[in-house]
Structure formats: C-alpha cells, structure tokens
Amino acid sequence: MIEARHLKVLRAVATTGSFSAAARELGCTQPAVSQQMKALEQSTGTPLLIRTGREMRLTEAGEALVRHAAGILAGLTAAEEEVAALAGLRAGRVRLVSFPSGSSTLVPTALAGMRAAHPGTRVSLVEAEPPRSVEMLRGGDCEIALAFRYPHAGPAAGTDADPAAGWDDLVVRPLLRDRLVVMVPHDHRLAGAGTVGIGELAEEPWIAGCPRCRRHLVEVCEAEGFTPRIDFATDDYPAVVGLVGAGLGVAVLPELAVECVTAKGTATLEVTPEVRREVVALTLPDLARVPAVAATLDRLELAARR
C-alpha cells in the first residue's frame, strides 16, 4: 500500500534532486528519507529512483507516481480540511424529521440556536409522523427523528403497534412529557369546568388526529368504559380546532399542538386521568458521535426546557 507520507518524500526528492536536500526541506534526516524511499519502492514493486553519485533521477515509474502524487496529496489536504471543519462545527449537514407540532414549537428554537452558535452547519427539515420518521432514520434519509410515544392502556403495549418497540438499537434523547388536554366548543356545557373526566364525554362526537393518536384515544376511552364515536379524523391540527370550534365534536390534543394553533371558538380543559406522551429525539449510535448531530440534539433538549 502506498502511503501519503512516502509520496511527500518522493516529491521532495524529485524537486530537490537529492536525499540530503529533500531531508532539509522536510525537516528530517537523510537516512529517514532513504528509508522511506526504500519502503515506497517495496510497496510499488519497482525502482522509482536511479542513483548516480550524489544525484537522483526518476525512473519512468517514478515520474508517473510523482505526476499522480500532486493530485493525491492535494485531495488528502482538502479531505483533512473538510473533516476538520466538520469536527469543529464550521461545516456540516443535519437532516431532521419532525412531527408537525414539534416542527412548530421545538424545532424553530433549536434551529435558531444552531444557526447562531454554528452558522456553518446546515440543518434541513421535513415532516413525518412516527413510525414513518423512524423508518426514515433507519433508511438513511435523516440523521435525527423527532418522535413521541404514549403510555398504553391496552394489549398494544409491547407489540408492533407500540412505538417504543424496536427502539433498542437507537439513541433515545428524552425531550419532554407533553400533557394531553380536551378541547370543546366555547358554548359546550363543560366549557367552564377547568377539568373534565374523560368519561363525562362518553356521549360526545369525537374528532381524532393521526392514526397513532386515534388508537391511543380509543384505548384511553375504553379504559374508562366506553368506545368513542369518532365522526371526523384528520392529521391537521388547525382542522381539528376548526371542527371543534364549529361545534362538531370534542377532541383530545397534546399541549404542543394547542400552542401552535389559534383556538378560536373553543375552550381547553385539563383531563382526568392525566395522560402525557413522551417526546423524544432519536438517532443512530454512530450518528450520535458526529459533532453536528450531537450539537443539534443538545439544542433540541434546550428548546424543550423553554
């Protein structure tokens, strides 16, 4: 195998015409230059220099190697500089995937902090709900996935339906515990109650969110002795709020989602029994050691403490 240090010595010998001059240029001894040239010739399996007294002349193979050495060494220098920039957070790219309410609450603060502290690092964002976001992480389509998981009231825990199942191979950075609240129309009979038991809404029409949120709603309600009548289902939180505000039903929403919408025509109530979803940032173990990824995880954690 040809080593870069040997190529540097060969170029110095070719430029200066002797081992002693090359040694002075490189800041080493003449025997060290001679030793490295012997090692390079052994690696290539052919003579590279013709020694005539005190002068050195390149063989045809030596000339060919010197021609290539310039590009090789320049490429290595560029690679070293790029890696140093990445390690020092002067450059780099992080692809982040987040669920919508995380995108509008945690992500902006985190990315503003990254831009201020590390302007050379680019962070891109696309939206996807888990488990799709986790699939993207494992598929190499992102470096960080924001996800959430619910405590399970029923037999789904520990099965493929459980979002925590299959996370053992990932680095899980807990961010916050997001409380669920009930949203009702402003003229609802319970609008001024402040707190409501989920069982008090057994006869109400329901507006449900994403499939995992919908499944969790059913589990919570069934644990309280009823199955919710879901009249509308949408992943769009403003649409949920609009439907509630129009008097078409009630909904359970995470507080992060309530933060990012204008709750016109609605009232928000605490719900018993209290339920919180855990919001986490996920990455792969090898990616967690990449400086730009680690810095982004730290910024997400800081944003969650707001």
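**Close-up views of a predicted model**

The structure shown in every view is a predicted model.

**View 1. Helix H1 crosses helix H4****.** H1 covers residues 4-16, and H4 covers residues 60-87. Their axes come within 9 Å. They cross at roughly 125°. The crossing of H1 past H4 is left-handed. From H1, the contact uses Ala4, Leu7, Lys8, Leu10, Arg11 and Ala14. From H4, it uses Gly62, Leu65, Val66, Ala69, Ala70, Ile72, Leu73 and Leu76. Sorted by class, this contact of H1 with H4 holds 11 nonpolar, 1 polar and 2 charged residues.

**View 2. The length and buried residues of H1****.** H1 has 13 residues. At 1.5 Å a residue, H1 should span 18 Å. Its end C-alpha atoms lie 19 Å apart, which agrees. Which residues of H1 are buried? They are His6, Leu7, Val9, Leu10, Ala12 and Val13. These buried residues pack against helix H2 (19-26), helix H3 (30-44) and H4. They also pack against strand S1 (49-52) and strand S2 (55-58).

**View 3. Helix H5 crosses helix H11****.** H5 runs over residues 100-117, and H11 over residues 291-304. The two axes come within 8 Å and cross at roughly 130°. That makes H5 oblique to H11. This crossing is right-handed. On the H5 side, the residues that meet H11 are Leu106, Thr109, Ala110, Gly113, Met114 and Ala117. On the H11 side, they are Ala292, Ala295, Thr296, Arg299, Leu300, Ala303 and Ala304. By class, the contact of H5 with H11 has 9 nonpolar, 3 polar and 1 charged residues.

**View 4. The length and buried residues of H7****.** H7 takes in residues 211-223, which makes 13 residues. At 1.5 Å a residue, H7 should span 18 Å. Its end C-alpha atoms are 18 Å apart, which agrees. What is buried in H7? The buried residues are Arg212, Cys213, His216, Leu217, Glu219, Val220 and Cys221. They pack against strand S5 (144-149), strand S6 (171-185), strand S8 (205-208), strand S9 (229-233) and strand S10 (251-254). Helix H8 (237-245) is also a packing partner of the buried residues of H7. Just after H7, Gly225 has a positive phi of about 95°.

Technical notes. Residues are numbered from 1 along each chain as its sequence is written. This is a predicted model: local features need pLDDT of at least 70, side-chain atom pairs count only at pLDDT 80 or more; totals for chains, interfaces and linings use all residues. Side-chain values use heavy atoms; hydrogens and water are left out. Axes are lines fitted to C-alpha atoms, for helices over the stretch in contact, and angles run from 0 to 180 degrees between N-to-C directions. Helices (H or I, at least four residues) and strands (E, at least two) are DSSP runs, numbered from the N terminus. A crossing is left-handed if the near helix is turned anticlockwise from the far one by less than a right angle, and right-handed if clockwise. Contact means heavy atoms within 4.5 Å. Ala, Val, Leu, Ile, Met, Phe, Trp, Tyr, Cys and Pro count as nonpolar, Asp, Glu, Lys and Arg as charged, and the others, Gly among them, as polar. Angles under 35 degrees count as roughly parallel, over 145 as roughly antiparallel, 65 to 115 as roughly perpendicular and the rest as oblique. The expected span of a helix is 1.5 Å times one less than its number of residues. Buried means under 20% relative accessible area, exposed over 50%, partly exposed in between (1.4 Å probe, protein chains only).
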